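Visitor: I would like a close look at the aromatic side chains of this protein and at what surrounds them. Please take me through them step by step.

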Amino acid sequence: MAPVTGAHSLVAFRAPTPRDALPARQPARKTPRSGAPSRYRCARWFRDFADTSLVAVAGRDVIGFLIGYRRPDVPDTYCVLHTEADPHHGTPALRARLLRAAAEREIARGARFVEGAVPPGDAADVEAYAQLARWYGAPAHKEALFPPPSFPGGDHDEILHRIGPLYGTS
């Protein structure tokens, strides 16, 4: 993947490794978001989903990451499980750039849709999905991921963002 220029340095995207778990937690510590993963969970994700996930690096610093996977029952759909981006790094729209880099890679592998569940109040993720839809000129559909009563006793009110169909821009 081609590096992109950030405000302070060159940013590149690459597959994560479990060794990236500790530095990847640094952006999560700087932003009070619910659902930020533990170091152990990051290490597991980076091991198990390395082929479908990305880290953003500037020099030797991990400044963001995205965990994703392909839905086994809907193979043309790429699902984003979690994103983090260092808001203090100074790279504009880093979360959207991570999302777009992952989408481009998965489109090259046959994906036509990108999905991600966004918790209420997460304006950064909402904007990242909106930017992705604008970038591709693709429809954006939003709905409750697990509307009541489909998830009894659940306290999750995430909104599923489904973007597509997508076709590569390169």
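Are F46 and F65 buried or exposed?

Guide: Both F46 and F65 are buried, where buried stands for under 20% relative accessible area, exposed for over 50% and partly exposed for what lies in between (1.4 Å probe, protein chains only). This is a predicted model, in which local features need pLDDT of at least 70 and side-chain atom pairs count only at pLDDT 80 or more, while totals for chains, interfaces and linings use all residues. Residues are numbered from 1 along each chain as its sequence is written, and side-chain values use heavy atoms, with hydrogens and water left out.

A search of the whole structure finds two aromatic pairs; rings of Phe, Tyr and Trp (its six-membered ring) pair if their centres lie within 6.5 Å, and planes under 30 degrees apart count as stacked, over 60 as edge-to-face and the rest as tilted. With ring centres 5.4 Å apart and planes at 85 degrees, F46 and F65 are therefore an edge-to-face pair. This pair links distant parts of the chain, since F46 belongs to helix α2 (residues 39–48) and F65 to strand β4 (residues 61–71), 19 residues apart; helices (H or I, at least four residues) and strands (E, at least two) are DSSP runs, numbered from the N terminus.

The pair of F49 and Y69 is tilted, at 6.0 Å centre to centre and 40 degrees between the planes. Because F49 lies in the loop between α2 and β3 (54–58) and Y69 in strand β4, this pair ties together parts that are 20 residues apart in sequence. F49, at 27% relative accessibility, counts as partly exposed, and Y69 is partly exposed with a relative accessible area of 26%.

To return to helix α2, its residues C42, W45 and F46 are buried. These residues cover an arc of only 95 degrees around the axis, which puts them on the same side of α2, the arc being that of the directions from the helix axis to the C-beta atoms. On the face of α2 turned away from its buried side are the exposed residues Y40 and R47.

Charged groups also meet aromatic rings: the charged end of R162 sits over the ring of F113, 4.0 Å from its centre, a description used if NZ of Lys or CZ of Arg is within 6 Å of the ring centre and within 35 degrees of the ring normal. F113 is in strand β6 (residues 113–118) and, at 18% relative accessibility, counts as buried.
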